[in-house]
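Thanks, everyone. The chain is on the screen now.

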Amino acid sequence: MKKISSQLKKFQYFYPYTVALVGARSEAQTNFMSCAWHTALSFEPPLFGVLVSKKRFTHQLISKAREFTVNFLAFQTVKLAAQMGRRSAYDMDKLKEFQVKLAPSTVIQSPVIEEAYVSFECKLAEIRAFGDHDLFAGEVLAVHEREKCFNVEGVLNVRKISPLLYLGNDFYITINPDALQHVVPD
Ligand SMILES: Cc1cc2nc3c(=O)[nH]c(=O)nc-3n(C[C@H](O)[C@H](O)[C@H](O)COP(=O)(O)O)c2cc1C
């Protein structure tokens, strides 16, 4: 038996999603927020998209900066994801309060997050509205990956990194590396 609903209250059936910290620096302001709604958009050119509600402080900041960084977190940094995703820069300096360590980007002005195992430097290519969220599509100009976290083909080393996954409603989980399979069709 399957339950069928047409009145959607919470639209999160497709979770788990990996959690990234997304943010930017514009003039003297720097801020990041947790982001689960993100996606690759194109290989050539390399485009990556993040969906940010108009209500977020980060929305204004990326719009002004015309650039952003996307920083993927490991399960060990779950507390930081919860803090950056449940507190707003409208009310506090989150970077100071939660002692977020920043590192310089190489191409853009906005910093990356030191704790991330991989970060993308993105130049804003386009903003498109989709209902209550805007899609910020960025061209990926540089990737910072922590040593030995990916194989030569860019596959995550799950023995070294446990990616942080979000289930919604403040529930987080990670993967079981023993479940790894390399499956190719005959
Ligand atoms: C795990 C997690 C994932 C989230 N993903 C998104 C997202 O994809 N898009 C979004 O607009 N808000 C998302 N949020 C909510 C924002 O992170 C949250 O509203 C944050 O306080 C915004 O901060 P700001 O106002 O400083 O930008 C998420 C929150 C959590 C906890």
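This is a predicted model: local features need pLDDT of at least 70, side-chain atom pairs count only at pLDDT 80 or more; totals for chains, interfaces and linings use all residues.

**Sheet, core and one leucine**

Three strands make up an open, antiparallel sheet, in the order 1-11-12. At its edges are strand 1, residues 17–18, and strand 12, residues 171–173; each has a single partner strand, so one side of each has no neighbour in the sheet. Strand 11, residues 165–168, pairs with strand 12 through three bridges, in the antiparallel sense.

Next, the core. The largest nonpolar core has 36 residues, and the members that touch the most others are Ala20, Leu21, Val22, Phe68, Val70, Leu73 and Ala116. Several elements supply at least two residues each, among them strand 3 (29–35), helix 1 (57–65), helix 2 (78–86) and strand 9 (118–130). Which strand gives the largest share? That is strand 2, with four residues. As for Ala116, beyond its neighbours within four places in sequence, its contacts are Leu21, Asn71, Phe72 and Leu73.

Last, Leu102, which sits in strand 7, residues 102–103. Setting aside residues up to four places away in sequence, Leu102 touches Pro111, Ile113 and Glu114. From Leu102 to Glu115 is 13 residues in sequence, and 8.3 Å in space, C-alpha to C-alpha.

That's what I had; questions are welcome.

Conventions. Residues are numbered from 1 along each chain as its sequence is written. A nonpolar core is a set of buried Ala, Val, Leu, Ile, Met, Phe, Trp, Tyr and Cys residues joined through C-beta atoms within 7 Å. A residue is buried if 20 or more other C-beta atoms lie within 10 Å of its own, exposed if 12 or fewer, and partly exposed in between; C-beta atoms are placed from the backbone. Two residues are in contact if their C-beta atoms, placed from the backbone, lie within 7 Å. Two strands pair if DSSP finds at least two bridges between them.
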